[in-house]
Amino acid sequence: QVQLTESGGDLVQAGGSLRLSCAASGRSIFSLKAMGWYRQAPGKQRELVADLTSGISNYADSVKGRFTASRDNAKNTVYLQMNSLKPEDTAVYYCNGVWGPYTYWGQGTQVTVSG
């Protein structure tokens, strides 16, 4: 069974850093059709933060230059390094993977940035 399991969310002060991890099980990230990091703040739509589908990651304008997505194929894990965090980054962060026609979501991890 395919599962995506996130970790790393925490409460941090503005300007701080966190690294989120998303470990995949059941399927290899080698065979992904698409993968990305999303976030959803209270009362807002879920938004794409980083797209790892290609070899070069693409980022939302709001996080460009501060967030870096990466993948470790040997560990079957993707990461989101978040630097210079701002209060507006507060959200539940999710990883998403697409294998063939099927979409899978992680459980989400809470990131709270105090100002």
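Ser21 sits in strand β3 (strands are DSSP E runs of at least two residues, numbered from the N terminus). This is a predicted model, where local features need pLDDT of at least 70 and side-chain atom pairs count only at pLDDT 80 or more, while totals for chains, interfaces and linings use all residues. Residues are numbered from 1 along each chain as its sequence is written, and side-chain values use heavy atoms, with hydrogens and water left out.

Is Ser21 buried or exposed? Its relative accessibility is 16%, so Ser21 counts as buried (buried means under 20% relative accessible area with a 1.4 Å probe, protein chains only). Setting aside neighbours within four places in sequence, Ser21 touches Thr5, Glu6, Ser7, Trp37, Thr77, Val78 and Tyr79, where contact means heavy atoms within 4.5 Å.

## The four-stranded sheet

β3 belongs to an open, antiparallel sheet of four strands, ordered β1-β3-β8-β7 (two strands pair if DSSP finds at least two bridges between them). β1 (3-7) and β7 (67-72) are the edge strands; each has a single partner, so one side of each is left without a neighbour in the sheet. From one strand to the next, the twist averages 15°, with axes fitted to C-alpha atoms and angles running from 0 to 180 degrees between N-to-C directions.

Zooming in on one pairing, β1 and β3 (residues 18-25) run antiparallel over five bridges. Thr5 has Ala23 as its bridge partner in β3.

## β9 and its partners

Now for β9, where eight of the nine residues are buried, so this strand is largely enclosed by the rest of the structure. Which strands does it pair with? β4 joins β9 through seven antiparallel bridges, and Met35 has Gly97 as its bridge partner in β9. β11 is linked to β9 by three bridges, also antiparallel, with Tyr93 partnered by Thr109 in β11.

β10 (residues 102-105) is joined to β9 by four antiparallel bridges, and Asn96 stands opposite Trp105 in β10. β9 and β10 make a hairpin with two residues between them, and Gly100 in the turn has a positive phi of about 60°.

## The nonpolar core

The largest nonpolar core holds 30 residues, and Trp37, Phe67, Leu80, Met82 and Tyr93 have the most contacts inside it. Such a core is a set of buried Ala, Val, Leu, Ile, Met, Phe, Trp, Tyr and Cys residues joined through side-chain atoms within 4.5 Å. Two or more residues come from each of β3, β4 (34-40), β5 (47-51), β7, β8 (77-82), β9 (91-99) and β11 (109-114).

How values were computed. Buried means under 20% relative accessible area, exposed over 50%, partly exposed in between (1.4 Å probe, protein chains only).
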